[in-house]
Amino acid sequence: MGQSHSISGVADTDALMHVIRTRRSVREFTDQPVPREMLDQMIEAATWAPNHRHTEPWRFIVLEKDGEARARVADCVYEWTWNYVKNPNPERRARSSAEARDEVLETPALMLVYSVPGMNEEVTHENYAATCCAAQNMQLMAHALGLGIGWSTGRLCKAEEVHKAVGAGPDWTIVGAFFIGFPESLKDAERAPVEEVSTYLN
Ligand SMILES: Cc1cc2nc3c(=O)[nH]c(=O)nc-3n(C[C@H](O)[C@H](O)[C@H](O)COP(=O)(O)O)c2cc1C
């Protein structure tokens, strides 16, 4: 059968909900490398996100394990943590800087996701929203593939030097750093029931 263009019944809703519901943020991984094909599948899923005016405003930068770019970024994160994380105790300061650097070096796959600006503030804002949708598509595909993925807006995003080190455009906005690998474990989670967060008006 070719591609379906019907407006209903294109997906198994139970399977879809299962993927959505069981995805958890993961930051602890096995040593197993992440195949490039899986990263490409994730990026392809991301690119099917809605985007107003068809701007396709997302950019994905993958930092290969053991690569030079990963090492440069790890150094930036070390520096940033040393300079900005408040910690008067020099030993703890050195330890937390080294831990932040090591997480960057050791994560099986690491991806930075940026949105590009539009012709005005409104479009730039929409581009950012679209890139967040892309990021979640990517997370769901990762989970469906058996990978774990963690979205971070922490040090990697805050350290300006990181963006220079990976060649991001000076006007791009960082949406997140994504830690990716085969998960050590998956936690359970809860969400508020639909009735608590929704209002139906007539
Ligand atoms: C925009 C955004 C930024 C996030 N930044 C961080 C972060 O910096 N550090 C972190 O540990 N988790 C981060 N998270 C993950 C959330 O903490 C996580 O989604 C939340 O705890 C719910 O858990 P779940 O994703 O497993 O359902 C971020 C999530 C989003 C959507």
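**Helices, sheet and ligand: a quick chat**

Me: Is the crossing of H2 and H5 left-handed or right-handed?
Reply: The crossing of H2 and H5 is right-handed, meaning the near helix is turned clockwise from the far one by less than a right angle. This is a predicted model, where local features need pLDDT of at least 70, side-chain atom pairs count only at pLDDT 80 or more, and totals for chains, interfaces and linings use all residues. Residues are numbered from 1 along each chain as its sequence is written.

Me: At what angle do H2 and H5 pack?
Reply: Helix H5 covers residues 121-144, and H2 packs with it at about 140°, the axes being 7 Å apart. Axes are lines fitted to C-alpha atoms (for helices, over the stretch in contact), and angles run from 0 to 180 degrees between N-to-C directions. H2 and H5 are therefore oblique to each other; that word covers what is left after under 35 degrees (roughly parallel), over 145 (roughly antiparallel) and 65 to 115 (roughly perpendicular).

Me: Which residues of H2 and H5 make the contact?
Reply: H2 brings Gln41, Met42, Ile43, Ala45, Ala46 and Thr47, while H5 brings Ala134, Ala135, Asn137, Met138, Met141 and Ala142. Contact means C-beta atoms, placed from the backbone, within 7 Å. By class, that contact has nine nonpolar, three polar and no charged residues. Ala, Val, Leu, Ile, Met, Phe, Trp, Tyr, Cys and Pro count as nonpolar, Asp, Glu, Lys and Arg as charged, and the others, Gly among them, as polar.

Me: OK, zooming out. How many helices and strands does the protein have?
Reply: Eight helices and four strands, taken as DSSP runs numbered from the N terminus (helices H or I, at least four residues; strands E, at least two).

Me: What order do the strands take in the sheet?
Reply: S1-S2-S4-S3, in an open sheet with antiparallel pairing; pairing takes at least two DSSP bridges between strands. S1 (58-63) and S3 (148-152) stand at the edges with a single partner strand each, so one side of each has no neighbour in the sheet. The twist averages 25° from one strand to the next.

Me: How many bridges pair S3 and S4?
Reply: Five, in the antiparallel sense, with S4 being residues 173-181. Ser152 has Ala177 of S4 as its bridge partner.

Me: And which strands does H2 lie across?
Reply: Helix H2 (residues 36-47) lies across S1 and S2 (109-115), running at about 165° to S1.

Me: Last one: which residues surround the ligand?
Reply: Arg24, Ser25, Trp151, Ser152, Thr153, Gly154, Gly176 and Ala189, counted when the C-beta atom, placed from the backbone, lies within 6 Å of it. That shell has two nonpolar, five polar and one charged residues.

How values were computed. Contact = placed C-beta atoms within 7 Å.
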